[in-house]
Amino acid sequence: MIGALVRDILARTDPADLHCFTAREGAALIGAVCFTRLRYDDDPRRVFLLSPMAVAPAQQRKGVGQRLIRHALAELSAAGVEAVLTYGDPAYYGQVGFAPIAEAAITAPYPLSMPQGWLGQSLTSTPLGTIAGKPRCVAAFQRPEIW
């Protein structure tokens, strides 16, 4: 399922709405993370969604994923991205600055099966706060079953 999602993201997402980062050990790919644009009708901020994130099984629990995410967030911040949201494990993503967000403050693109996994962080000096309006994600994420 994740492989199909990544293929869909890469095939159908406008390059301006996509940032992908990889971790390598020599020539071997050991980690990857994608960020896609998430637009809110009533908020002009540049918001991206972190998903998916993967680390090779033999490299897990070595800090590869967290270093990759930290690097990616720094690059996104330098590129003018103002906020990043994700839908995942609060314990894992909390280690790289993500905090739980209420759906009343920032609406997810589709109803969440595990609302406690809706997380976000500001990449500016201004706290994340609320993001107003209806969200629109890239085509690959317009599938309610993945939320």
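Mentor: Start with Asp 41, which forms a salt bridge with Arg 136; the closest N and O atoms are 3.0 Å apart. Asp 41 sits in the loop between S2 and S3, and Arg 136 in strand S7 (residues 135-137), so this pair ties together parts 95 residues apart in sequence. Strands here are DSSP runs of E, at least two residues, and helices are runs of H or I, at least four residues, numbered from the N terminus. A salt bridge means a side-chain nitrogen of Lys or Arg within 4 Å of a carboxyl oxygen of Asp or Glu.

The model is predicted: local features need pLDDT of at least 70, side-chain atom pairs count only at pLDDT 80 or more, and totals for chains, interfaces and linings use all residues. Residues are numbered from 1 along each chain as its sequence is written, and side-chain values use heavy atoms, leaving out hydrogens and water.

Asp 41 is partly exposed, at 43% relative accessible area. Arg 136 is partly exposed too, with a value of 43%. Buried means under 20%, exposed over 50%, partly exposed in between (1.4 Å probe, protein chains only).

The whole structure holds five salt bridges. One of them joins Arg 45 and Asp 43, with closest N and O atoms 2.8 Å apart. Asp 43 is buried, at 15% relative accessibility. Another links Arg 12 and Asp 8 (2.5 Å, N to O). These two are four residues apart in helix H1, about one helical turn. Asp 8 is buried, at 17%.

Now Arg 37, in strand S2 (residues 28-40). Arg 37 is buried yet has no salt bridge; Asp 17, the nearest side chain of opposite charge, is 4.4 Å away. Lys and Arg count as positive, Asp and Glu as negative; His and chain ends are not counted.
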